[in-house]
Amino acid sequence: MKPTTSQRQLTLKHLVINNERMIGIKFYPDKVIQALIKTLDNPRWSNAYGMVVLANTPENLNAIFEKFKGVAWVNCSHFFANRPVNGGNESLSVDAYRKRPPRAGWKYCPEAFYQKLELRKYSLNTARVYISMFERFINHFKDVNNLMELGESQINEYLQTLVKTGKSDSFVNQSINAIKFYYEVVLEMPNRFYSVERPIKKETLPKVISKERVFKM
């Protein structure tokens, strides 16, 4: 039985290959989809990612929607940022961080990081945590000039380092949030690191009060 339009699906992913932004297209084998993909601008198969890739340009993105309209559902849940600005918070300013004097051997957050925190009106406490955690992260990779070159395995190794040095689950989760904020919000590459692992939440057993203590209460 041939798949219907409602059964055909493409999933778009953000990828960086050889320091270039790429669109990853994942789909189940289908002759119609494969034929249409061949009509896109220079599509090629990536063995490393197990999907078709092509340059991430507005023209290519528009072409995907045009060619597959009415043919297959294009799943963009991993591609477009849709987190709204937090209208409940007052305006945020992180000028105090911008105006810090240079610190020898230490990298500060890029200006775009500060701007996104302010634009989305994060609370001052959240902004402080994100800045602190992200600066710890980028200074761990001092020799990397372009953070887009980092892959999921390197980020997971960094998180493992935090765990091995005794950092709490809360600390690790805050680090992940700051890293994802940079890639997904600042660089607008949602869910690029969708496989980054978080610490497993520990379940604590309720404290049981003895019968004797109950009667004394």
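Student: Let's start with R21. Which residues does R21 touch, not counting those up to four places away in sequence?
Tutor: R21 touches L15, A55, N56, M148, L187 and M189. Keep in mind that this is a predicted model.

Student: Where does R21 lie?
Tutor: R21 lies in strand β2, residues 20-26.

Student: How far apart are R21 and A55, in sequence and in space?
Tutor: They are 34 residues apart in sequence. In space, R21 and A55 are 6.5 Å apart, C-alpha to C-alpha.

Student: And L187? What part of L187 lies 3.2 Å from a polar atom of the R21 side chain?
Tutor: The backbone oxygen of L187 does.

Student: What is the relative accessible area of R21?
Tutor: R21 has 32%, so R21 is partly exposed.

Student: Let's zoom out. How many helices and strands does the protein chain have?
Tutor: The protein chain has eight helices and five strands. Read along the sequence, the pattern is β-β-α-β-β-α-β-α-α-α-α-α-α.

Student: What share of the residues count as buried?
Tutor: 36% of the 217 residues do.

Student: What about the surface? How much of the accessible surface belongs to carbon and sulfur atoms?
Tutor: The accessible surface of the protein chain comes to about 14000 Å². Carbon and sulfur atoms hold 52% of that.

Student: And contacts along the chain? What percentage of those with a separation of 6 or more comes from residues 24 or more positions apart?
Tutor: Such residues account for 64% of those contacts.

Student: Now the inside. Which residues have the most contacts inside the largest nonpolar core?
Tutor: Those are F113, L117, F134, F137 and Y183. The core has 36 residues. Helices α4 (111-119), α5 (124-140), α6 (152-164) and α7 each supply at least two residues of this core. The largest share comes from α7, with 10 residues.

Student: Pick L117. What is L117 in contact with, leaving aside neighbours within four places in sequence?
Tutor: L117 is in contact with L92, Y122, A127, Y130, I131 and F181.

Student: Which residues in α5 are buried?
Tutor: A127, Y130, I131, M133, F134, E135, F137, I138 and N139 are buried.

Student: What covers them?
Tutor: The cover for the buried residues of α5 includes α3 (95-98), α4, α6 and α7.

Student: New topic: charges. How many salt bridges does the count come to?
Tutor: The count comes to seven salt bridges. Side chains of opposite charge can pair when their charged atoms come close.

Student: Which residue does R98 form a salt bridge with?
Tutor: R98 pairs with D95, and the closest N and O atoms are 2.7 Å apart. Both lie in helix α3, three residues apart, about one turn of the helix.

Student: Why would that spacing matter in a helix?
Tutor: An α-helix has 3.6 residues a turn, so residues three or four places apart point the same way.

Student: Are R98 and D95 buried or partly exposed?
Tutor: R98 is partly exposed, with a relative accessible area of 27%. D95 is at 31% and counts as partly exposed.

Student: Which residues are linked with R98 and D95 in a network of salt bridges?
Tutor: E111 and E118 are linked with R98 and D95 in that network.

Student: What about K116? Which side chain does K116 meet in a salt bridge?
Tutor: K116 meets E188, at 3.6 Å, N to O. The pair links distant parts of the chain, 72 residues apart. K116 is in helix α4, and E188 is in the loop between α7 and α8 (211-216).

Student: Which of those is buried, and which partly exposed?
Tutor: K116 is buried, with a relative accessible area of 17%. E188, at 47%, counts as partly exposed.

Student: Last one: E184. Where is E184?
Tutor: E184 is in helix α7, residues 169-186. E184 forms a salt bridge with K180, the closest N and O atoms being 2.7 Å apart. The two are four residues apart in α7, so about one helical turn separates them.

Student: Why does E184 count as buried?
Tutor: Because the relative accessibility of E184 is 15%, and buried means under 20%.

How values were computed
Residues are numbered from 1 along each chain as its sequence is written. This is a predicted model: local features need pLDDT of at least 70, side-chain atom pairs count only at pLDDT 80 or more; totals for chains, interfaces and linings use all residues. Side-chain values use heavy atoms; hydrogens and water are left out. Buried means under 20% relative accessible area, exposed over 50%, partly exposed in between (1.4 Å probe, protein chains only). A nonpolar core is a set of buried Ala, Val, Leu, Ile, Met, Phe, Trp, Tyr and Cys residues joined through side-chain atoms within 4.5 Å. Contact means heavy atoms within 4.5 Å. Accessible areas come from the Shrake-Rupley method with a 1.4 Å probe; for residues, only the protein chains shown count as cover. A salt bridge is a side-chain nitrogen of Lys or Arg within 4 Å of a carboxyl oxygen of Asp or Glu. A polar contact is a pair of N or O atoms within 3.5 Å; within protein, one must be able to donate a hydrogen and the other to accept it, and residues adjacent in sequence count only if both atoms are side-chain atoms.
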